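Welcome! Please take a moment with the sequence and the 3D view before reading on.

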Amino acid sequence: MPMTTTNIPVLLYHRIVKKNESIGRHKIHVFEKNFYKQMSYLKKAGFTAITFEDIAKGNIPEKPVIITFDDGYEDNYRTAFPVLKEFGFKAVIFLVTRLKRNEWGIAEGEPAIDMMNDEMITEMNQYGIEFGGHTMYHKDLKKLSLDEAHNEIAGCKADIEEKLHKKIISFAYPFGAINSNIIKIVTECGFEYGISTNTGPENFFEDVFQIRRKEIHPHTRMFSFRRKVNK
Ligand SMILES: [Zn+2]
């Protein structure tokens, strides 16, 4: 793996929503207008949005950023993708491979949200969006037996590889749930990068199976967005 002294900010989004769309209590959305401003800032500030595949190949530009989306909501295609294309940005989307809707959220009273379909995934893959694993059923891996955890992790990898006919190298831990057993399974399944939420070292290259992200919230203002990406 290429070493560099540069740190790489990794941003975490879930849904990108338009003004009148239903949003849940968990506040996993960012409004389209704010997302546009954030991407516009990254462009003006000279950031290049890259993927884990770029890093694996040693393609690391001077001012890199990784834009990630968890779960694979249909609004990522409908609302975020046009903005990404406008700015020429790549991104990484972590897919829950066996669900058509956010069943884990619905069970907690969240509104039902569609996940992307195969056509959307194929089109985004052709553009250069990287797809990573996020289990088959959005399970908290810490609550499963090691066998069950292995099935979830290996299964989502096989699902995406079959869909896209390429090797999948990145995995995001659902709910940020992580321990040494889970990391071991992710490694054994052939992933090269394990992406957490708010755990792991501040520097990207210190532990590539615990890559910390900076979550962007619905009320993240530009001031704090700039601070997050420039830290
Ligand atoms: Zn998730």
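## About the model

This is a predicted model, in which local features need pLDDT of at least 70 and side-chain atom pairs count only at pLDDT 80 or more, while totals for chains, interfaces and linings use all residues. Residues are numbered from 1 along each chain as its sequence is written.

## Two helices side by side

Let's start with helix H3 (residues 74-87) and helix H5 (residues 118-127), which pack with their axes 11 Å apart, at an angle of about 20°. H3 is therefore roughly parallel to H5 (the term covers angles under 35 degrees). Their crossing is left-handed, meaning that the near helix is turned anticlockwise from the far one by less than a right angle.

On the H3 side, the contact (C-beta atoms, placed from the backbone, within 7 Å) is made by Glu74, Tyr77, Phe81 and Lys85, and H5 brings Met120, Met124 and Tyr127. By class, this contact of H3 with H5 has 5 nonpolar, 2 charged and no polar residues.

## Two loop residues with positive phi

Most residues other than glycine have a negative phi. His138 has a positive phi, near 50°, and sits in the loop between strand S7 (130-133) and helix H6 (146-164). His138 is buried, with 22 other C-beta atoms within 10 Å (20 or more are needed).

Phe175 also has a positive phi, near 60°. You can find Phe175 in the loop between strand S8 (170-172) and helix H7 (180-188). Phe175 counts as partly exposed because it has 14 C-beta neighbours inside 10 Å, a number between the cut-offs for exposed (12 or fewer) and buried (20 or more).

Terms used. Axes are lines fitted to C-alpha atoms, for helices over the stretch in contact, and angles run from 0 to 180 degrees between N-to-C directions. Helices (H or I, at least four residues) and strands (E, at least two) are DSSP runs, numbered from the N terminus. Angles under 35 degrees count as roughly parallel, over 145 as roughly antiparallel, 65 to 115 as roughly perpendicular and the rest as oblique. Two residues are in contact if their C-beta atoms, placed from the backbone, lie within 7 Å. Ala, Val, Leu, Ile, Met, Phe, Trp, Tyr, Cys and Pro count as nonpolar, Asp, Glu, Lys and Arg as charged, and the others, Gly among them, as polar.
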